[in-house]
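Grab a pencil and work through these exercises with the model open beside you. Each task comes with a solution that goes step by step.

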Amino acid sequence: MKRLIAGGLLLLLVAIAIFLWRQKGDSLSGGQIAPVECVVYVELPNIVQTAKRWPDAALCRILGEPSVQRFLRQPISKTPANYQNAWGSFAALRCSALFFGMTGPDRDRWICGLRTSVDESIWSREITNVSKTLFGWNVKEVAPEELERAGINAGKADKVLAQVYCTRAGSWLLLSGSTELLLEAFRNSKSTSGGLQSMKLFKECRANVPTEYDLLSFVRGGPSLDSSAGLHWRFRAQDTQGNDRATLVATTIVGAQLRDTVFTLASTTSNASTLDRHGLAITSPSTIGYLSTQLGFYEIWRWCGQLSEQSQLAETIRNYVGQVKSFGIEPRDLDDLISGAEMVVDRDPKVDSLNSAISLQVTDPAKFQHLMDQVVTEKFPDSCRKIEVASVPAYLMLVNDRVPIVFGLVGRRFLISGSQSNFAELVRRLQIQAPGLGADNQYKAIAKLVDEPNALFAYVDAKSAFERFYEASRPMLAFGIVLMPTLSRYVDAMALPDTEDISKHLSPIVLSRHRVANGVIDESVGPITAYDTVALLLGGALAMGLLEH
């Protein structure tokens, strides 16, 4: 009996030891393993939990609609067989976590980590299939003991081209084109204080985003501009004060909505005051879009000067802003004269048309009025005339026979509108201080989901905007696809998704920006975020360009 009890206790201790060992392996995060010198890092920390939340997301429900599925059928069928084969192999790995990092732009300075519990025979077969199918590279497994014991040989192995090396670190499967990076990552897995998470720059960025996320993206450096390379991303770039620059994005699925928190590390002046959004008074319940931002005319003028050689638009903007010099005002002085700007896009339900308006917050109305009168008299004597709208002195400028612009000063607000009737309505709303969107429950609910802005705020009624623009442009989209033979091979012009199938899942999108002591934090919430929208538009335009060429 004693031997039986002793044997049982021994088995229990062994089981506990195995459990604790596996828990330790599973507790390793990608940031703990990834090399400290990563300039690019992307992480999916818990794919299982993300997969559970994904079906509730509005984007997932949109993709599941019958008309959207019908539209996607043709482009998916045109996906090359090797890509479909590689995706099948990746799915067979059943990853519970994933990270990818780059320490430089060289082809072998990358590392990828997969946390998987499948057998060695399975992951070895599937990883080899992915590597050979996509890149034509062989995969060589390197034992952790060999990496530790033969660091010099590992360096020599790096000279073998077109080969991927892999090794195990706890429950993680590590792959890289460089055994040096594999060795560093393996050593990081044995330490609780190493890896990318120990880098001061990374920790400073992480402190400004939520601790829970579904996707984390980190990149060092920032955009750079020079005459030879044009506008490009410069890794390990520094700001004007010699401080490192970096951007970190945390994306989270929250019910039906996506949430992006973007922190940009840079020298900035923290602004404790909130953003003036008095222009909400010129909005209405039918407002589709609203933007409030602080203006930096000097920065716009400076950047456009640097981009003028590459962009005709940038040169035009710089010339227009620079025109104020002829009236004795420097571009930098405009920042003191105009403190902020707001833009409103309204839908007029009576005639089903869109009205746009711009409102500038003026600090010195008398000085601004004098400048405006000078500009009109000297630059637009023939196309601009004085009028009075709703008892407010204003100017009417005719861009052409059908496009008028009405502008004038209302108190400390400089209003710009596309018609006299709309200008009069804006004046009326300002004078009675109409609540506008501020009284709309939908607006108030979404605005509460982001921090109070002190630099920029944007709101878009995605449902109304999509219904308006997609329904109007759908015939043109179909016609354009037919006229582009290369594109029509991948997209069926007659299978464009139904408007209702998409719009019924859409809700407002909000973007808030506030400056902090060491950088800028952007927060965006919606069925897709503001950053997702920009990425989709740019990605679609890039894809169409590539298909045409």
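**Exercise 1.** Decide whether E126 is buried or exposed, then find its salt-bridge partner.

*Solution.* Start with the cut-offs: buried means under 20% relative accessible area, exposed over 50%, and partly exposed in between (1.4 Å probe, protein chains only). E126 has 10% relative accessibility, so it counts as buried. Next, a salt bridge needs a side-chain nitrogen of Lys or Arg within 4 Å of a carboxyl oxygen of Asp or Glu. The side chain of E126 meets that of R125 at 3.1 Å, N to O.

A quick word on what you're looking at: this is a predicted model, where local features need pLDDT of at least 70 and side-chain atom pairs count only at pLDDT 80 or more, while totals for chains, interfaces and linings use all residues. Residues are numbered from 1 along each chain as its sequence is written, and side-chain values use heavy atoms, with hydrogens and water left out.

**Exercise 2.** Check the length of helix α18 and find where it kinks.

*Solution.* Helices (H or I, at least four residues) and strands (E, at least two) are DSSP runs, numbered from the N terminus. The expected span is 1.5 Å times one less than the number of residues. In α18, a kink of about 45° sits at R474, shortly before the proline P475.

**Exercise 3.** Work out which parts of the chain the salt bridge between D498 and R474 ties together.

*Solution.* First, the distance: the closest N and O atoms of D498 and R474 are 3.7 Å apart. Second, the places: D498 is in the loop between α19 and α20 and R474 is in helix α18, so the pair links parts 24 residues apart in sequence.

**Exercise 4.** Describe the surroundings of T287.

*Solution.* T287 belongs to strand β12. Its relative accessible area is 2%, so T287 is buried. Contact means heavy atoms within 4.5 Å. Leaving aside neighbours within four places in sequence, T287 touches V344, V345, D346, L437, Y459 and D461. Take V345: 58 residues separate it from T287 in sequence, yet the C-alpha atoms are 5.9 Å apart.

Notes:
Bend = angle between axes of the 7 residues up to and from the residue.
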